[in-house]
Every structure is written in C-alpha cells, then in structure tokens.
Amino acid sequence: MFIIYVAHVPWNWWTLWIPARFGFSDATEIFVFCSGMASAIAFGKIFDVHGWAMGAARILHRMWQVYWAHIGQFLVIAVGLAIVQESGFLNRCCNLTEDYVGSLNLLHLYDNTAVALPGILTLTWVPNYFDILPMYVVILSLIPLMMLVARYSVMSALALSVGLWFAAQFDLLSLPAEPWSDREWFFNPFAWQMLFFTGFAFMRGWIPAPPVNRKLVALCAFIVLVTVPFAYFRVHTNVEWVQAIRDAIRPLWIKTEFGLFRHIHFLALAYLAWIAAGEHGKHLLGHGALWGRFVRVVQKVGQQSLPVFMASLVIAQAAGLLRDMVWGRGEWIPQILSNLGGFLALIAVAYIAGWYKSQPWRKPPRTSSGGSPDHPGSASRGGTETHARTSSQAREPVRAG
C-alpha cells in the first residue's frame with residue numbers, strides 16, 4: 001500500500017527507488033497475489049460450507065462493492081481536480097498553470113460527457129490511473145468458475161488459469177479501455193488472473209508450499225539479481241547490449257499481458273520474503289517494542305487494503321497539489337513531506353476503517369466503575385433503556401466483516 005501510494009504521487013522522485021525500478025515485477029504483483037490469498041481465506045470457506053451457489057452470490061456481492069468503490073473513487077478525483085483547477089485559485093495563489101485534469105486523461109468526462117459517462121459506468125472507459133479496481137472486479141468474477149472446475153479436478157482449474165493467460169498473450173482475450181480509440185485495459189485481467197489464482201491456490205492447498213533449502217534460496221536470489229540491469233533504467237539506457245536484450249524479451253516482461261518473466265521474478269522475490277519472515281512471520285517478532293509497533297501498524301494497513309488503496313489515490317493527488325502550491329516539485333523537503341505525510345494519512349485511514357468494521361455500536365455500552373452505563377441520561381431512567389437495547393443487541397446476529 002505504501003509503495004502504491006509513492007507510485008501515484010505525481011512527479012515523485014521516490015518512485016526511482018520502488019521495486020519496479022529494480023525488477024520486472026512491482027507493487028501491482030504484490031497487491032494481486034495477496035488479494036488472491038485473501039480471497040481464498042475470505043470466500044473459499046463459503047464455497048466449502050454453504051455450496052457453490054452461495055459462494056457465487058458472495059462473490060457477486062463483493063464485485064458490487066468493488067465496482068461502486070471504483071465509481072466513487074473516480075468521481076471524487078475527477079470532480080475534485082476539476083473544481084480546484086477551474087476555480088482559478090491555483091493560478092492566483094501560486095501561479096500554477098498545469099492541467100491537472102488533463103494529466104490524468106479526464107478531460108473526456110467534460111468534453112465528451114455523453115460518451116465518457118456511460119463508458120465509466122460500463123467499464124469501457126478505464127483511464128490508466130484507475131485501472132486496478134476494474135481488473136480486480138473481472139478477476140473476482142472468475143472465482144466461481146475456478147471453484148466449479150476445481151470440484152471435479154484441481155489440475156483442470158489450474159490449467160484453465162494458465163489457458164486464459166496464454167489466450168491473453170496472443171491478444172485473444174482483452175477489454176476496451178476507451179470508446180473513442182482501440183486502446184485496451186492497461187492491466188489485462190485475463191492475464192493477471194494467473195498470479196491472483198497462484199496466491200489463491202497456495203491458500204487453498206492446491207499448490208503445496210515450496211521447500212526451504214539453500215539451493216532454492218540461491219536460485220531465487222540469482223533470479224532477482226540478474227534482472228536488475230534489465231529493469232534499472234540507469235543501466236539499460238546506458239549499456240547498448242543490455243537495452244538490446246531488454247527490447248528483444250519485451251513480450252516476457254510486458255505489464256499489460258503480465259509477461260512470464262514478471263511471474264517468475266515475483267515468485268522468486270516472494271519466496272525470499274517468505275524465508276526472511278519465517279513461518280507465521282516468526283522472524284518479524286521479538287526485536288523490541290518499537291519494531292513490534294511498526295509491524296502492527298503495517299499489518300493494520302494491509303488488513304484494510306481496499307479503503308487504504310482507494311484513499312491513497314485521492315491523497316496522492318492532494319499531496320502532489322499541495323507540494324506544487326507551496327514549494328514546487330524539485331525540492332527535497334517538500335518531496336519528503338508529501339510522501340511521509342501521505343504514509344501517516346494512510347495509517348489513519350486504516351485505523352479508522354478498522355474501527356468502523358469492528359461495529360462498535362453493536363457492543364454493549366461501557367459502564368463506569370460504579371456499574372452504571374457510561375452515557376448521559378441513563379441514570380434517570382434506571383438503566384431500563386440500556387438493558388433493553390443490550391438485550392436486543394444480544395439477539396441480533398452479528399454480521400461478519
């Protein structure tokens with residue numbers, strides 16, 4: 001989540017140090033893989049316990065939630081930027097003349113509304129800044145199909161995933177990204193689903209955990225290191241033969257169709273991270289109170305990935321605007337503040353979202369040390385209302401999540 005935020009802050013020099021600069025895979029792979037793992041945990045048991053139809057209904061509900069999250073996020077950013085830009089305030093206060101709306105390819109919403117608005121609602125217009133959640137919606141729609149096939153043969157389900165990936169490589173499966181051009185979705189969901197279902201398969205037990213041995217660690221470390229020259233721009237743009245090889249193997253690292261080298265690089269990197277963390281994350285624990293608090297904060301952000309991701313795109317634009325207004329883009333201090341301030345905002349969003357998801361209003365009201373309810377007016381009614389409300393809550397089923 002933090003890396004994705006850094007990548008979305010406009011003109012952010014911190015992006016020179018994110019994983020995407022040193023390997024074929026990047027934060028998108030982490031997000032999709034972990035989403036597959038989380039989906040196996042969250043939805044797999046529903047298929048097991050309540051049957052395929054109920055599991056499919058739950059997936060449809062989640063798709064509905066993510067779809068409207070995408071629509072809401074798009075409108076907040078597109079309308080918010082237009083309000084700020086059209087007000088003329090940026091020009092008057094800070095002499096800023098940049099077209100922030102146009103930089104995200106959002107002018108069509110205002111210049112060609114009759115086509116653009118239906119395009120947003122039907123996901124046939126997907127600007128590049130807003131392409132993660134639509135991809136996620138389509139991948140979610142494949143879960144019932146994969147679970148149905150897996151009921152008869154797990155190997156057939158895995159083969160189906162690989163087959164969809166192959167079809168995407170040859171442009172047999174793709175989705176339009178603009179009604180007025182032939183541009184396709186930047187993230188082809190039929191290709192990226194293979195990584196999603198890799199994580200899904202690990203958590204379902206369809207694929208066993210890899211062994212822990214030095215040879216495999218050495219192999220993965222070699223894969224990670226050998227890709228650096230072909231990914232790091234300061235190398236391949238200055239060494240002719242490296243650039244030639246990079247160009248020749250482009251179909252293997254291309255992002256839209258999720259080239260095979262991206263999958264290999266990510267699995268190698270994930271294996272090393274898994275080894276470093278230890279079983280159940282045991283190596284992340286026991287390093288002092290400060291480190292322990294840091295780990296808990298990062299966990300909280302990861303647990304609330306959807307609201308944090310949605311907020312990160314909005315906060316990234318706001319942080320970029322504030323940086324440009326106050327100091328400009330080239331200074332180190334505003335760049336550092338816009339990133340660290342964004343991190344703090346994401347952490348706040350995670351804790352607020354976690355508080356709301358805990359549904360504190362369903363819990364019995366706290367009582368004072370004397371045993372009386374800790375809210376105004378309760379003593380005058382002898383606690384009758386509190387007792388009735390608490391009893392009603394006890395009878396009401398608590399909804400998960």
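Author: Let's start with a definition. When two helices cross, the crossing is right-handed if the near helix is turned clockwise from the far one by less than a right angle, and left-handed if it is turned anticlockwise. Also keep in mind that you are looking at a predicted model.

Reader: Now a crossing, please. What is the handedness of the crossing of helix 3 and helix 9?

Author: First find the pair: helix 3 covers residues 52–86 and helix 9 covers residues 143–152. Their axes are 9 Å apart, and the packing angle is about 160 degrees. Angles over 145 degrees count as roughly antiparallel, so helix 3 is roughly antiparallel to helix 9. As for the handedness, helix 3 and helix 9 cross in the right-handed sense.

Reader: Which residues of helix 3 and helix 9 make the contact?

Author: From helix 3 you get Trp52, Ala56 and Ile59. Helix 9 brings Ile143, Pro144, Met147, Leu148 and Arg151. Sorted by class, the contact of helix 3 with helix 9 has seven nonpolar residues, no polar ones and one charged.

Reader: Can we try another pair? At what angle do helix 19 and helix 20 pack?

Author: Helix 19 (residues 305–326) and helix 20 (residues 332–357) pack at about 150 degrees, and their axes are 9 Å apart. With the cut-off for roughly antiparallel at over 145 degrees, helix 19 comes out as roughly antiparallel to helix 20. The crossing of helix 19 with helix 20 is right-handed.

Reader: Which residues meet there, in helix 19 and in helix 20?

Author: On the helix 19 side, look for Pro307, Val308, Ala311, Ser312, Ile315, Ala319 and Arg323. Among those they meet in helix 20 are Pro334, Gly342, Leu346, Val349 and Lys357. The contact of helix 19 with helix 20 has 11 nonpolar, four polar and two charged residues.

Reader: And helix 2 with helix 11: what is the angle, and how far apart are the axes?

Author: Here the angle is about 50 degrees and the axes of helix 2 and helix 11 (residues 189–204) are 7 Å apart. That angle makes helix 2 oblique to helix 11. The crossing of helix 2 and helix 11 is right-handed. Its contact residues divide into 11 nonpolar, seven polar and four charged.

Reader: How do I read one side of a helix?

Author: The general idea is that an α-helix has 3.6 residues a turn, so residues three or four places apart point the same way. Now take helix 7, residues 113–121, where the buried residues are Ala116, Gly119 and Ile120. They span an arc of only 100 degrees around the axis, which puts them on the same side of helix 7. Helix 3 and helix 6 (108–111) are included in what covers the buried residues of helix 7.

Reader: Is Gly119 buried or exposed?

Author: Gly119 is buried, at a relative accessible area of 1%. Beyond its neighbours within four places in sequence, Gly119 is in contact with Thr124 and Trp125. Between Gly119 and Ser103, 16 residues apart along the chain, the C-alpha separation is 19 Å.

Reader: Which residue just after helix 7 takes a positive phi?

Author: That's Leu123, with a phi of about 60 degrees. Trp11 also has a positive phi, about 50 degrees, although it is not a glycine. You'll find Trp11 in the loop between helix 1 (2–8) and helix 2 (27–50). Gln359 has a positive phi near 50 degrees and lies in the loop between helix 20 and helix 21 (384–395).

Reader: Are they buried or exposed, Trp11 and Gln359?

Author: Trp11 is exposed, with a relative accessible area of 58%, whereas Gln359 is buried, at 10%. For a case in between, go to Tyr356 in helix 20, which counts as partly exposed at 49% relative accessibility.

Key
Residues numbered from 1 in each chain as written. Predicted model: local features only at pLDDT ≥ 70, side-chain atom pairs only at ≥ 80, totals over all residues. Heavy atoms only, no water. Axes fitted to C-alpha atoms, helices over the stretch in contact; angles between N-to-C directions. Helix = DSSP H or I, 4+ residues; strand = E, 2+ residues; numbered from the N terminus. Parallel < 35°, antiparallel > 145°, perpendicular 65-115°, else oblique. Contact = heavy atoms within 4.5 Å. Nonpolar A, V, L, I, M, F, W, Y, C, P; charged D, E, K, R; others polar. Buried < 20%, exposed > 50% of the residue type's maximum accessible area, 1.4 Å probe, protein only. Arc of directions from axis to C-beta.
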